[in-house]
Every structure is written in C-alpha cells, then in structure tokens.
Amino acid sequence: MNSATDIQLARARDAVQLAEMSRDLIETGLRWTWRPARMLSMIRHPECVVLKASVSGMIAGFAVMEFHDEHCHLNLLAVDESRRRARVAADLLCWLEESARIAGIARVVLEVRSGNQGAIVFYKKNGYQIESRLVDYYQGKESAYRMVHHLIAPEISAERP
C-alpha cells in the first residue's frame, strides 16, 4: 500500500463529501442516485464497508462494497482526478479484496460503464474479467460490463461446504 495514502473507514461526517464525489466523478450525465442519505445508510450498514482514502489530509478517493454470503459487490470506487495514477484506487481495491479474503468471500463483482475504458483497463490489471454486458444498465442511458474477480478459484469455491 502507498505510504502516502491513508485508508480509513468512512464516518457519518464524510457522507456528504463522498456523495458529491460520486455525483461528480461517477454519475456524470446520469441522475444523481448516491445522495448523502444513501451514502450514510451504506456507512451505517453492518454488511457494507465504505472507505475513504486521504492524501495530505484531503479525501482523494473512496469505495463502497457490500458483503454477501459468497460474493462482494463493489458498488462505487472513485478517485479525485488530481490523484489518479497515484495508486489510490489500487490501495482502496487491495484493502477491500483483503477484507473479502479474510471473510472467506469467493469473488468480487462490479459493474462499470462500457465506455469507461480507463476503469476497465484498471480492473483488468487487477484481475477482473468481463462476465457480461448489461444493455442500458445505467438509467436506460448507458450499458455496463459486469466484471468479476475470483478471490478463490471457482473449482475450489464449489468444493467448500
């Protein structure tokens, strides 16, 4: 992990800023759905992890992931444009994936805009594979790719009790 990046669990006081980052960095061109109340509910939800990554005391990125019995769903991951390519996203993803492994989770699933080539390349570099294409997934306006990263090989996962 990058020593300059401080990864912490988000707190209630972070909900507004993280929601605004989602609006500005992820939901551009779409109706804003990750508003402060929704972000706060994820921060408080016992089956979710909301992380913030700070650099020099300023929030540089964040991630939201839900934990289920056999998989995690990465809902959001965003990094401020001024901090991209500085390992902030990789640090967030590493933290989340390690938590999933410790919890015995077999895979992480996410959706990404089909036109977001930067994010697709990032996820592929980190072991994710495109599983399917979801037509008009984002509010009927834009398609998505569902991507998956197997933390435990599928054949091993199938053998688990």
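Aromatic rings here are the rings of Phe, Tyr and Trp (for Trp, the six-membered one), and two of them pair if their centres lie within 6.5 Å; planes under 30 degrees apart count as stacked, over 60 as edge-to-face, and the rest as tilted. This is a predicted model, so local features need pLDDT of at least 70 and side-chain atom pairs count only at pLDDT 80 or more, while totals for chains, interfaces and linings use all residues. Residues are numbered from 1 along each chain as its sequence is written, and side-chain values use heavy atoms, with hydrogens and water left out.

**View 1. An aromatic cluster made by Phe122, Tyr123 and Tyr128**. Searching the whole structure turns up 3 aromatic pairs. In one of them, the ring centres of Phe122 and Tyr123 sit 5.2 Å apart with the planes at 65°, so this pair is edge-to-face. Tyr123 is buried, at 7% relative accessible area (buried is under 20%, exposed over 50%, partly exposed in between, with a 1.4 Å probe and protein chains only).

**View 2. The aromatic pair of Tyr137 and Tyr138**. Here too the geometry is edge-to-face: 4.9 Å centre to centre, with 90° between the planes. Tyr137 is partly exposed, because its relative accessibility is 37%. Tyr138, at 18%, counts as buried.

**View 3. The largest pocket and its lining**. For the grid-minded: on a 1 Å grid over the protein atoms alone, a pocket is an open set of points with protein on both sides within 12 Å along at least five of seven lines, and a lining residue has an atom within 4 Å of a point. The volume comes out at about 1100 Å³, meaning the space filled by probe spheres set on the points, which are joined across faces, edges and corners. There are 39 lining residues, and Ile26, Leu77, Asn116, Ala119 and Tyr123 lie nearest the centre. By type, the lining splits into 21 nonpolar, 8 polar and 10 charged residues (nonpolar: Ala, Val, Leu, Ile, Met, Phe, Trp, Tyr, Cys and Pro; charged: Asp, Glu, Lys and Arg; polar: the others, Gly among them). Elements supplying at least two lining residues each include helix H1 (15–26), helix H3 (88–102) and helix H4 (117–125). Strand S4 gives the largest share, 7 residues. Helices (H or I, at least four residues) and strands (E, at least two) are DSSP runs, numbered from the N terminus.

**View 4. Strand S5 and its partners S4 and S7**. Two strands pair if DSSP finds at least two bridges between them. S5 runs parallel to S4 over 4 bridges, with Cys72 opposite Val108. On the antiparallel side, S5 and S7 (residues 142–150) share 7 bridges, and Val112 has Tyr145 as its bridge partner. S5 is mostly covered, with 6 of its 7 residues buried. S4, H3 and S5 also make a right-handed β-α-β unit (right-handed: with the strands pointing away from the viewer, the path from the first strand over the helix to the second runs clockwise).

**View 5. Positive phi at Asp136 and Gln139**. Neither is a glycine. Asp136, in strand S6, has phi near 55° and is partly exposed at 43% relative accessible area. Gln139 sits in the loop between S6 and S7, with phi of about 50° and a relative accessible area of 29%, so Gln139 is partly exposed.

How values were computed:
1 Å grid on protein atoms, 1.4 Å probe; cavity = no way out; pocket = protein on both sides within 12 Å on 5 of 7 lines; lining within 4 Å.
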